[in-house]
Structure formats: structure tokens, C-alpha cells
Amino acid sequence: MASISSTLPHPSPSQGIRTLARFGFAAKGAVYLTMGILALLAATGMQGGKTTDKQQAVQAIQDLPMGRFLLGLIALGLAGYVIWRFTQALRDTENKGNGAKGIARRIGYAASGLFYVALAYYAGKAAWENTSVSSAGGSGNTKQSLVATLMEQSYGPWLVGAIGLFIIGTGLYQIWRAYSGKFAKHVNASSLPAEQQRVVYRTGQVGYTARGIVMAIIGYFFVQAARHSNPGEVNDTEGAFDLLSSMGPMVLGVVALGLVAYGVYQIVQAKYPVLNGV
């Protein structure tokens with residue numbers, strides 16, 4: 001269960017990059033924690049519960065006391081996460097190399113960073129201007145617009161289907177990481193007592209499994225949109241939660257609790273990261 005960092009030499013980013021990376025893990029964890037808690041409240045029928053995507057989770061944080069201040073921290077943290085991911089991609093701090101597999105992994109790091117650019121922008125805009133991030137429209141609507149544009153091309157349905165299969169594959173990979181223990185290499189909890197290390201490990205397993213399930217469902221939406229040539233079938237985390245809810249509140253509750261675990265694990269990673277090359 002315990003992880004150790006590689007002994008191979010790595011390019012060494014600055015202390016500032018290291019701090020941004022750790023802050024980024026914490027911000028990402030806060031967003032997932034919020035999504036999971038809101039969905040868990042919805043599953044149990046408690047007041048304030050609702051199924052949300054990441055952007056709506058940011059909106060929920062904005063509505064808290066000192067929400068603008070919290071959003072400012074989250075925006076800065078997410079920007080740090082983006083910078084760290086691009087540092088991994090461009091400087092190869094994980095020693096993936098320049099082979100086909102290594103380049104693919106480094107592109108994946110960059111893609112992961114790009115995924116959070118818009119969310120960092122929304123959070124920063126809401127914190128700076130005190131405006132509702134929901135006014136920009138849900139991320140599901142944005143995806144549907146992009147898919148509709150793709151569908152207008154002759155190859156559009158095939159490309160959308162391929163994107164869906166890729167997302168499903170990524171979700172299954174997350175689940176494989178959970179049960180293979182591969183995720184644990186990103187956290188060095190060796191300073192914790194053995195029992196606490198086991199708790200951290202199990203929390204990561206549950207969290208990565210739940211995240212993988214949600215991603216696989218989102219990929220399924222893309223595949224269905226491609227099959228039916230209907231961009232309206234594309235949906236995001238909120239849609240995945242709604243599908244799970246249709247299977248019963250217990251199903252939604254279990255996955256929501258898993259996303260809470262994922263958020264907690266990301267926050268633990270902020271405190272005990274294994275950041276290669278730093």
C-alpha cells in the first residue's frame with residue numbers, strides 16, 4: 001500500500017510550482033467534495049441536496065458564507081493544477097520519455113490540465129465580479145453545442161462515438177487503478193500510522209471507483225448521442241447522477257459517497273503528495 005517515488009532523475013520545477021500543485025489538489029478535492037455532498041443529500045432526501053456538475057458545485061460554494069473568498073482560493077488552486085499538469089507534460093517530470101506511450105501519457109497530462117481551465121475561469125470570474133457562474137450556462141449545454149457542431153460534419157457521429165468510447169475507457173481505467181492500487185503512488189502517507197495509511201488507501205479505492213463509474217456513464221451518453229445523431233443526449237456529471245438516481249436513491253447515495261471519498265483523497269494528496277522532480 002505504501003508508495004515510494006521513483007529514484008530516476010527528473011527535471012526539477014521550482015518551489016512555486018510545487019506549491020501550486022499541492023494547492024491544485026486541494027481545490028480539485030473541494031469541488032468533488034461539494035458535488036458528492038450535494039448528491040448525497042439529494043439521495044437521502046435532505047434539504048439542499050441536488051445533483052450537480054463541477055460548475056454548479058462552484059455555484060454552491062459561491063453561495064456559502066465568505067463564498068467569494070473561497071472561490072478565489074479555488075480558482076487559484078485550479079489554476080495551479082493546470083500549471084502543474086502542463087509542467088508534467090512539457091518537462092516530463094514523471095519520466096515518461098519520448099516514446100509513443102510516453103508521449104500519449106504526457107498529452108494526457110496536458111488534456112487533464114485543459115479540462116480544468118474553464119472551471120478555474122468561472123470560479124475566478126465569480127470571485128472577482130461577484131456574478132453567478134450559472135449565468136454562463138451549464139457545462140452540459142456547452143458540451144451539447146460542441147457535439148452539435150461536430151455532428152454537422154460527415155464524420156461527426158463517428159468522432160463523437162470515438163470520444164464516448166475513450167471516456168468509457170478512461171472510466172474503466174480509473175476503476176482498474178483503484179483495485180490495482182496504482183493510484184496510491186501519488187500519495188506518500190508513510191509518516192502516518194499504519195491504520196491511518198489503510199484508511200487513506202481504502203478512501204482512494206472508493207473514490208477512484210466512483211469517479212470511474214461516473215466517467216463511464218458520461219462516455220455512454222456520448223455513444224448514445226452518436227448512435228442516434230442527437231447531441232441532446234450528451235450529458236455531464238449531473239446527468240450521470242440523474243441516471244443513477246433513476247436506479248434508486250441507494251445507488252445514487254453509494255456513488256455520491258464515493259465522490260466524497262475522492263474529494264477527501266485529493267485533499268490528502270495535497271498534504272502528502274509524491275511530486276516527482278520537486
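Is Glu195 buried, partly exposed or exposed? Glu195 is partly exposed, with a relative accessible area of 48%, where buried means under 20%, exposed over 50% and partly exposed in between (1.4 Å probe, protein chains only). Before the close-ups, a word on the model: it is predicted, so local features need pLDDT of at least 70 and side-chain atom pairs count only at pLDDT 80 or more, while totals for chains, interfaces and linings use all residues. Residues are numbered from 1 along each chain as its sequence is written, and side-chain values use heavy atoms, with hydrogens and water left out.

**View 1. The whole protein, for orientation.** The protein has 10 helices and zero strands; these are DSSP runs numbered from the N terminus (helices H or I, at least four residues; strands E, at least two). Of its 278 residues, 47% are buried. Among contacts (heavy atoms within 4.5 Å) with a separation of 6 or more, 76% join residues 24 or more positions apart.

View 2. Side chains of opposite charge can pair when their charged atoms come close. The structure holds one salt bridge, defined as a side-chain nitrogen of Lys or Arg within 4 Å of a carboxyl oxygen of Asp or Glu. Here the side chains of Arg198 and Glu195 meet at 2.6 Å, N to O. Both residues sit in helix α8 (residues 194–228), three residues apart, about one turn of the helix. Arg198 is partly exposed too, at 37% relative accessibility.

**View 3. Where α2 meets α3.** The two helices pack at an angle of about 140°, their axes 7 Å apart. That makes α2 oblique to α3, because angles under 35 degrees count as roughly parallel, over 145 as roughly antiparallel, 65 to 115 as roughly perpendicular and the rest as oblique. Axes are lines fitted to C-alpha atoms, for helices over the stretch in contact, and angles run from 0 to 180 degrees between N-to-C directions. Val58, Ile61 and Gln62 of α2 touch Gly67, Leu70, Leu71 and Ile74 of α3.

**View 4. Ala30 and its neighbours.** Ala30 belongs to helix α1 (residues 15–43) and is partly exposed, at 23% relative accessibility. Leaving aside residues up to four places away in sequence, Ala30 touches Ile61, Ile74 and Ile267. Val58 is 28 residues from Ala30 in sequence and 9.3 Å away in space, C-alpha to C-alpha.

**View 5. Met66 in its loop.** Look for Met66 between α2 (54–62) and α3 (67–91). Met66 is exposed, with a relative accessible area of 61%.
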